[in-house]
Amino acid sequence: METRDTEAPASHDSIKPAEASRAFSVWLLMPIAFLAMGILCLWMGALMSVRCERAKSASSDAPRTHMASVTVERSLLGVIPISKTTLPNVVGVVSVHGSSAQAQVARPQIDAVLTLRLADGRIWNAPPAYAPLGTPPWKMARQITQFIDNPSAPPLSLWCVSWMLHLAATPFLLVGVFSAYFGVRSLIRLRAQLRLARPSGSP
């Protein structure tokens, strides 16, 4: 007497929704994780532009000597603004490395922070720059000091961007975009297979 195995097709069909759920989870989390890492690298190495102008007097439009108005802007890829800070009373540069308070312009290194001294005695630290391309903070410090000391100097525009972090962001962004593309294609193909495997009478 022959017996029919009626449970095998049901178990076979019940595996496919589980596979679809696992595939959806993997292909959803992978591009999100890689894209998040890439955007984080771009944010940390954002373009920093610095503009120095002669500081204006509070009571008149006459410029104040030996004082500068410094505007520091950060933007993602130079297009998406992140932050903008205007310091109207900069009187000097304190340091360009780390968060130290050494009153000197140290030698170049992998990371640098432009630190400015304000007229009221406060210290302001710019965001750190890692392996900067353009005008590094230690050169910015020298040029800002020269601008403050020379009342007849024209307005100064400087910029720097971290090429190392932009380079590090590239593989994360590429993997994130391609994994999202192939993940969507795989999910579409899997859903098509599930519809074909579904019995004709089922909704």
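Q: How many cavities of 30 Å³ or more turn up in a search of the whole structure?
A: One. What you are looking at is a predicted model, where local features need pLDDT of at least 70, side-chain atom pairs count only at pLDDT 80 or more, and totals for chains, interfaces and linings use all residues. Residues are numbered from 1 along each chain as its sequence is written, and side-chain values use heavy atoms, with hydrogens and water left out.

Q: What makes a space in this protein a cavity, and how much space lies in the largest cavity?
A: On a 1 Å grid over the protein atoms alone, a cavity is a set of points where a 1.4 Å probe fits but cannot get out. The points are joined across faces, edges and corners, and the volume is the space filled by probe spheres set on them. Here that comes to about 70 Å³.

Q: Which residues line the largest cavity?
A: Lining residues have an atom within 4 Å of a point. Here they are M44, G45, A46, M48, R74, P127, P128, A129, Y130, C160, V161 and S162. Two elements, β7 (129-130) and β9 (156-162), each give two or more of them, and β9 has the largest share with three residues. Strands like these are DSSP runs of E, at least two residues long, while helices are runs of H or I of at least four, all numbered from the N terminus.

Q: How many residues of each class are in that lining?
A: Nine are nonpolar, two polar and one charged. Ala, Val, Leu, Ile, Met, Phe, Trp, Tyr, Cys and Pro count as nonpolar, Asp, Glu, Lys and Arg as charged, and the others, Gly among them, as polar.

Q: Why is W43 called partly exposed?
A: Buried means under 20% relative accessible area, exposed means over 50%, and partly exposed is in between (1.4 Å probe, protein chains only). W43 has 44%, so partly exposed it is. You'll find W43 in helix α1.

Q: What makes the nonpolar surface patch?
A: M37, L40, W43, M44 and I82 do, with about 430 Å² between them. A patch takes residues with over 30% relative accessible area and no salt bridge, joining nonpolar side chains (Val, Leu, Ile, Met, Phe, Trp, Tyr) within 5 Å and like charges within 9 Å. The areas come from the Shrake-Rupley method with a 1.4 Å probe, and for residues only the protein chains shown count as cover. Helix α1 (residues 7-44) gives the largest share, four residues.

Q: What stands out about the phi of L77, and is L77 buried or exposed?
A: Phi of L77 is positive, about 60°, although L77 is not a glycine. Most residues other than glycine have a negative phi. L77 is in the loop between β2 (63-76) and β3 (80-95), and at 57% accessibility L77 counts as exposed.

Q: Why does A131 count as buried?
A: A131 has 9% relative accessibility, so it goes in the buried class. A131 is in the loop between β7 and β8 (132-134), and its phi is positive too, near 45°.

Technical notes
A salt bridge is a side-chain nitrogen of Lys or Arg within 4 Å of a carboxyl oxygen of Asp or Glu. On a 1 Å grid over the protein atoms alone, a cavity is a set of points where a 1.4 Å probe fits but cannot get out, and a pocket is an open set with protein on both sides within 12 Å along at least five of seven lines; lining residues have an atom within 4 Å of a point.
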